[in-house]
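I opened this structure to look up a few things in turn. My entries follow in the order in which I made them.

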Amino acid sequence: MDSPPFLRMSGVRKRYGGVTALDGADFEAHAGTVHAVLGPNGSGKSTLLKVLTGVVGPDAGQVRLDGAPLRPRGPRDTLAAGISSVYQELSLVEDFTVLDNLVLGVEPSRFGLRDRRAALARSLPWLERFAPAFGGRVPVRERVSDLDPGERQVVEVCKALVRDPRVLVLDEATASLRRGQVEVLFEVVDELRARGVLVLFITHRLAEIYAVCDRATVMRNGTDVATVTVAGTPEAELLELMSGRPSAGTSGSRRTAPVAETDTAPTAPARTDPGADPAAPPRLEVRDLTGDRLHGVSLHVRAGEVLGLGGLQGQGQSELMAALFGAGRRTGGTVLLDGAPVRPRSPKQAVRAGFCYVPGNRGVQGLALGRPILENLALPSVGRRALLGVGLSRRREVAAARAVAERVNTRYGSLDDPVSTLSGGNQQKIVVGKWFPTEPAVVLMDDPAKGIDVGAKAEMFDVVAELAASGAAVLVGSSDDRELVEVCDRVLVMFEGRVVDEVSGDRLTEDTLIASAMHVTGADVAAAHEGHPTRLPDPEPRHAEEGGA
Amino acid sequence: MNLLRGTGTRDLPGPVRSLLSVHMPALAVGLLLLVTVTASAILQPGFFSPYGLSASFATFLPLATIAAAQTIIVLGGGIDLSIGTIVTLSSAVSVVLMQGDDARLPLALAAGLATGAACGLFNGLVVAVLRLQPIVATFATSSVFGGVALLVLPTPGGEVSPVLTGTYRMVLAMYVPIPAVLLVVLFLSWRLLRGSRYGQHLYAVGGNAEAAYTSSVPVSRVRVLSYTLGGAVASLAGVALLADAGAGDPTLGTELTLGSIAALVIGGTRLRGGSGGVGGALVGAVVLSLIQGLVFFAGVPTNAREFVYGCVIIAAIALAGLLTARDGSASGASGGTR
């Protein structure tokens, strides 16, 4: 890379109140490369890219693009400079059709009226290019509200591409994509690289960095730590750079049995090996549960046990949790809690029965983002502290909330700050922690670690282990096999609404899970599987090799 | 994978589902129009006579125009509680300048339009730049505009130009009253606005202001302009009221504010913005006016009219709401488990 960098950011500083987000960060990237920006939560990588896209104004520092200084005052200016961003929080208008969203803000017009034909001419090539990601169709006139989250994310990508960028920012753009969709995206990224576009890529999935990125800049504590060539840098080294310490600790990349044990042992002394005491009565037992996408699920979880739900995405894992929590349809089967049948008809009844639910989509289902941390923490247990059922004492609410915040080790400014001021990882800890005071018997977690970084993920699963240690039965659904291997005692592999395999003990490795999810046993399901070749989870070839070694 | 999402229409293929949900409001308000027109034709003698049509459209037009004005503002995510007093103020300015003189008509109309636009601009700046809550801000400005109207025209009176009143009463080709023509012109102007980039940006800002901002839509400018356009269109309603009444009145339009909101809701416009349209609001206003006439012609005792009128409006809004309530795409926030 002898040519001068296409993008150069130098000495960028940004403070939010008392928090320093960027402390003199420098960043350089070249046209025609795919450049990853890595770092734990709060490392400043998001702020750095927000400065680039003009969403955040820096306190100090310079940005030069193609030799010219760039001082954007908003998305309009960066767009004019050729910078397009794919946002983590979607920037789509749900009521609009896909086509209207793609050209929003850049609508071509003739004689003062919008020119639909020109809009179509600009958009159609990209939608057609991404057709495999939409299941083969080209959803020009469908409304965004009718698309599923993965498809919306693909629309978001197309929207950035329609703007014909010189710099494309992909901020966690793959978090809600299925594997087939990621493949198409990476093909397009390769094409863009060949055309001289600079692609900046933020992700928490290391495998994706190795799959598509040329270079990577690691951020920590608001500044850049190192910029490396991806191909020449082993994964362990990247993790060390990110965490600033040898990767054996909470980083979780080197999953070997002893590490996993020391990881959770101090916080979860009561965690039992399921093989050790198979005679212990189950805390939660499900027999032949049927409902939406559920065709007879049976399982049991003992107190203190963490049971994983694995398999391909969309095989009924979410529906199972919803049915157990009284939020989804249940048409048959029994659910026994401590031996007694329970049938909650609403989440409220489920909570009263001793269930709690941690969604992956924390913004929508898990948190009141605009409300103070205090209220969010206190909400599920508020009825227990109310005087005569109505009177609340602020002092007691604060004490309860503070106890939880300490227990889950959340960093916050003031309990009165809105939850939205916390980082993603800390928000998710609130989502989990708020259930502590209700002393739940069963904890249901649906992809709880989606889109949070490695360190925060490890801390959050420490909280899960603690919940389990307090005697709860924990059920974790995840699309990330590595996550399941790290936190679960046993993992059930689901396929088309049934449990098709149970993996535990020595067999509990990423390899086995991937193999089990894809080569399901039983002739009927194997045949059915042929119809879904693209709906794979995210098996990460590199890790599979490592696990096998 | 939103587990709180209902099934229902999710089983239909995407395009069909989109079409249905897009056209449901139009079907609902169309049905209401059919019912009220049929009832009027039965109960109201001479409803379809040239005189009957002329009288009907003369009462439709002011409410329809103010409903159109309110719709433009609501679509952009705002609301304007001062819209009635904008009508009052602009008509007061017009009638004072007019002095019953046809030669002064153009000047008076231009001044009225400018007054309405200026009031709207003021609202827009207060809402979009000072970032005050629209409902409170425009409640306050409604007192301001109403107060100024009383200063301009302290008592009912003033003389409207004969040309204006004469034209308003004209009926073309036996069955086409001028107010009906103006209603069509209003609708066509709206279609033009809807087809422009601004029209699209208006819906985007009302639908998801943050998404619009990150897509480089000038959100504040769009908001300010929506209030300004709304004010200008409201002043046209003032002109229609003047032409209909033949004289000015410092309380002329005040009570129309809530009527404008009722009309747009019946017409299928979503109160939090981003969905609906002026077409529905125009029909909604016609339905609302017809209901008022029906209550009169159905022989409801004078004291009970207001009560019956209110009940019928509730029924109409409920019907429109029931027909347009979509499951699936609208659930997220409601958190229901159906």
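Entry 1, the two chains. I looked up the contact between the chains and found 26 residues of chain B in contact with 33 residues of chain A; two residues are in contact if their C-beta atoms, placed from the backbone, lie within 7 Å. On the side of chain B that touches chain A, helix 1 (14–43), helix 8 (197–207) and helix 9 (209–214) of chain B each supply at least two residues. I sorted the residues of that side of chain B into 9 nonpolar, 15 polar and 2 charged. Nonpolar here takes in Ala, Val, Leu, Ile, Met, Phe, Trp, Tyr, Cys and Pro, charged takes in Asp, Glu, Lys and Arg, and the others, Gly among them, are polar.

I note that this is a predicted model, in which local features need pLDDT of at least 70 and side-chain atom pairs count only at pLDDT 80 or more, while totals for chains, interfaces and linings use all residues. Residues are numbered from 1 along each chain as its sequence is written, and chains are lettered from A and ligands numbered from 1 in the order in which they are written.

Entry 2, chain B. I find 13 helices and 2 strands in chain B; helices (H or I, at least four residues) and strands (E, at least two) are DSSP runs, numbered from the N terminus. Of its 338 residues, 49% count as buried. A residue is buried if 20 or more other C-beta atoms lie within 10 Å of its own, exposed if 12 or fewer, and partly exposed in between.

At what angle do helix 3 and helix 4 of chain B pack? I read about 155°, with the axes of helix 3 (residues 83–98) and helix 4 (residues 105–129) 8 Å apart. The axes are lines fitted to C-alpha atoms over the stretch in contact, and angles run from 0 to 180 degrees between N-to-C directions. Helix 3 and helix 4 of chain B are therefore roughly antiparallel, a term for angles over 145 degrees. Their contact has 11 nonpolar, 7 polar and no charged residues.

Asp66(A) has phi near 55° and sits in the loop between strand 4 (60–65) and strand 5 (68–69) of chain A. Ser216(B) has phi of about 70° and lies between helix 9 and helix 10 (219–245) of chain B.

Key
Parallel < 35°, antiparallel > 145°, perpendicular 65-115°, else oblique.
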